[in-house]
Amino acid sequence: NQVDFTADGQILTFAGASTLDGGSDFAGNAATLVIDSTAADASISGGEITDSSGSGKGIVSIIGGKTVTINNAIGTDTDHRVGGFTIADGTTAHATSNIYTKDFIAYGSAGGAFDGEVYISGNFSVATGTLDFNALVDITGAVLDLGDDSTVNFNDVLIGDFEYGGGSLTLGSDYEGTISVSKVSGKITLHDGVNIITGGVDNISGTPNSATLTLKGSSVIDGAIGGTSPLASVSIFNKAASVDKFGGVFNSKTLILGANSGTATFVGATKINDAVTVTADTQNLIFNAGVTLSNGANFAGYNSTVTLDSALDSTFSGALTTSTNNTGNLVVQGGKVTTITKAVGASGKSLSSITIQGANTSAIFSENVYGAVSLNDASMTVADGKSVNGAVDNVSANGTTSLTLLGASTVSGAVGITNPLSSVTAAQGKTVTFSSTVAADKVYVGSGM
């Protein structure tokens, strides 16, 4: 028969292998049902353990330091939860059925695996243990407190907005909402194919450059990264040919590229403090808005590409370098004006290619450019006193291509090899030196060439 609690403070303890065919009902009483594994691993089976009153009373307590298997459903539904589900320090819980509870607390090194759905509406606290949730988890209304050394793996669907502290948090299925990290030690991992829908990952710890995000494969994150304060690091390209997309502002101290090919698109304004270092061929970074790379990006001898493709006029602030001559590619497109404020390449370490393409696309270079430039129905402007160390070609048969030099500059390579440029313009009162042939429909000359 059903075991009914009839008063607050009642404690019923089971050890060994127990069966409650009729289940148990806290019936609105603040009582405790204990499963104790002190002597040996324990288990309990039978009917559901619930609070039929709907007041969310009663605690299911797992203790003893060994393994406890719970085959009963805990709670009935979201309106008939138990008051709490607790696991004692050093104890491992394995629940095979659904759990509906207000509080879920794992003390000390307590851990476990949960194969049924879990619904938590109150305090969700994990100290240092490891928990694996293998079915849907709904934490709507819950307050998470994950210890710095804890590991919580959501291997299926996770529902509900939440804030969490330190420790390792792994998502194995899509999550809808924003994950706000309140402690500097927060570590978030998304498995391959897992997306964050409508939201992002934020650092609200009060300490800039805190919390980490790792993408194990391809993921789409719709919202901002580090919207309140920058993350410590974001790691991508941890699986070959991964495709990642960040739909909002991206603000992180470090962007770590794994040793695999991949494509990452940054839709919103992007700020990265540490140098971005390419680690493999065919790594493609696409930026759709303004970019600040405080310490630039280094192609490190790999044949990879940075693409600037903005729907609005934008600025790219960050030197592009490489450790091996003629490696790395820059593409500017999108039909707008992109100003590149730092050097592209360096003496003896030119980029493999610099492509400016698409009607109305214009690239303005504020510093020296090292590498062969291809214009495809687009224009290039070089600042006063800066030079193009390479050829400038027109690869479009019918498009309008132009090269404008705003001051005393040198162009070391041939101009208009495949097709003549539409125009070449040298600034008034300045001297421009062309070290090779020039082919253009029109040449506008200031003080001389």
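Tutor: Going by the cut-off (a side-chain nitrogen of Lys or Arg within 4 Å of a carboxyl oxygen of Asp or Glu), the count here comes to five salt bridges. Keep in mind that this is a predicted model, where local features need pLDDT of at least 70, side-chain atom pairs count only at pLDDT 80 or more, and totals for chains, interfaces and linings use all residues. Residues are numbered from 1 along each chain as its sequence is written, and side-chain values use heavy atoms, with hydrogens and water left out.

Student: Okay, so what makes D274 and K253 a salt bridge?

Tutor: Their closest N and O atoms are 2.8 Å apart, and the limit is within 4 Å, so the pair qualifies.

Student: And what does the pair tie together?

Tutor: K253 belongs to strand β32 (residues 250–257), while D274 is in the loop between β34 (270–272) and β35 (276–277), so parts 21 residues apart in sequence get tied together.

Student: What about K430 and D384, how far apart are their closest N and O atoms?

Tutor: They are 3.2 Å apart, and K430 forms a salt bridge with D384. K430 lies in the loop between β50 (421–426) and β51 (433–434) and D384 in the loop between β45 and β46, so the parts tied together are 46 residues apart in sequence. K430 is partly exposed at 30%, and D384 is partly exposed at 41%.

Student: Now the strands: why do β4 and β7 count as a pair?

Tutor: Strands are DSSP runs (E, at least two residues; helices are H or I, at least four), numbered from the N terminus. Two strands pair if DSSP finds at least two bridges between them. Strand β4 (residues 24–25) and β7 have two bridges, in the parallel sense, and S24 stands opposite I49 in β7.

Student: Which strands are at the edges of that sheet?

Tutor: The open sheet of three strands has the order β1-β4-β7, with parallel pairing. β1 (3–4) and β7 (49–50) are the edge strands, each pairing on one side only.

How values were computed: Buried < 20%, exposed > 50% of the residue type's maximum accessible area, 1.4 Å probe, protein only.
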